[in-house]
Amino acid sequence: MTDLKNSAGNALPMLVVSCALVERDGAIIMHRRPPGTHHAGRWEFAGGKVEPGETPAAALTRELAEELSIRIAEQDLMPTGFVASSDAGPEGCGIVLLLYVCRRWTGEPQALNGAATASCQPAAICRLDLAPLDRLLVPQLRLALLG
Ligand SMILES: Nc1nc2c([nH]c(=O)n2[C@@H]2O[C@H](COP(=O)(O)OP(=O)(O)OP(=O)(O)O)[C@@H](O)[C@H]2O)c(=O)[nH]1
């Protein structure tokens, strides 16, 4: 457990950003975590950790370039939902996972470093073997896509 605290005395969680990339037919591009990582083989919304000094949008832009080799513009990211867990995470530090929706990007998404991708209609996402926090985001995503 981390002993980092903010000025209110709360333990600082790891901040993680993720993105539902919505294709023209409404399918979402999902990402399967590569071998050797925490939750390897489970599906997630693409993204990753926010590094010190980064904004969430900048971190997501970087992660999508590194993870899927696509480019996005920060103004195309729509904040959509979040989940907070006090005990998830490889170091037990707690995690706040933010979800954005993005409908526009440049490049063809590619799975890199042993990962995989799949196009999945929103109604079918919950049938994937999802990482636990990503599963909690699915109802928020479906609500946002209805609007
Ligand atoms: N998306 C997601 N991440 C989770 C969940 N539970 C959990 O501990 N995490 C952690 O959140 C972090 C996600 O960041 P990441 O995708 O950049 O992590 P990584 O280990 O693949 O990359 P790294 O090589 O930069 O450490 C990882 O430490 C991962 O273990 C979960 O349910 N969903």
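Modeller: Let me start with helix H2, residues 132-146, which bends by about 30° at Val 138, with a proline, Pro 139, following within four residues. The bend at a residue is the angle between axes fitted to the seven residues ending there and the seven starting there. Helices (H or I, at least four residues) and strands (E, at least two) are DSSP runs, numbered from the N terminus.

Biologist: Before we go on, what kind of model is this, and how are residues numbered?

Modeller: It is a predicted model, in which local features need pLDDT of at least 70 and side-chain atom pairs count only at pLDDT 80 or more, while totals for chains, interfaces and linings use all residues. Residues are numbered from 1 along each chain as its sequence is written.

Biologist: Back to H2, then: which of its residues are buried?

Modeller: Leu 133, Asp 134, Leu 137, Val 138 and Leu 141 are the buried ones. A residue is buried if 20 or more other C-beta atoms lie within 10 Å of its own, exposed if 12 or fewer, and partly exposed in between, with C-beta atoms placed from the backbone.

Biologist: And what do those buried residues pack against?

Modeller: They pack against E1, E3, strand E4 (77-85) and strand E5 (95-102). Contact here requires C-beta atoms, placed from the backbone, within 7 Å.

Biologist: Let's switch to the strands. How covered is E2?

Modeller: Strand E2, residues 28-32, is mostly covered, with five of its five residues buried. Ile 28, Met 30 and Arg 32 lie on one side and Ile 29 and His 31 on the other, and both faces are covered.

Biologist: Which strands does E2 join?

Modeller: E2 pairs with strand E1 (residues 14-22) in the antiparallel sense over two bridges, and pairing means that DSSP finds at least two bridges between the strands. Five bridges join E2 to strand E6 (residues 116-120), again antiparallel, and three join E2 to strand E3 (residues 43-49), also antiparallel.

Biologist: Who sits across from whom in these pairings?

Modeller: Leu 21 has Ile 29 of E2 as its bridge partner, Met 30 is partnered by Ala 118 in E6, and His 31 stands opposite Glu 44 in E3.

Biologist: Which residues other than glycine have a positive phi?

Modeller: His 39 is one of them, with a phi of about 60°, and Ser 69 is another, with a phi near 65°. Most residues other than glycine have a negative phi. His 39 is found in the loop between E2 and E3, and Ser 69 lies in the loop between helix H1 (56-68) and E4.

Biologist: Why does Ser 69 count as partly exposed?

Modeller: Because 13 other C-beta atoms lie within 10 Å of Ser 69.

Biologist: Last one: what does Ala 115 contact?

Modeller: Leaving aside neighbours within four places in sequence, Ala 115 is in contact with His 31, Arg 32, Arg 33 and Pro 34. Ala 115 and Pro 34 are 81 residues apart in sequence, yet 4.3 Å apart in space, C-alpha to C-alpha.

Definitions and conventions: Two residues are in contact if their C-beta atoms, placed from the backbone, lie within 7 Å.
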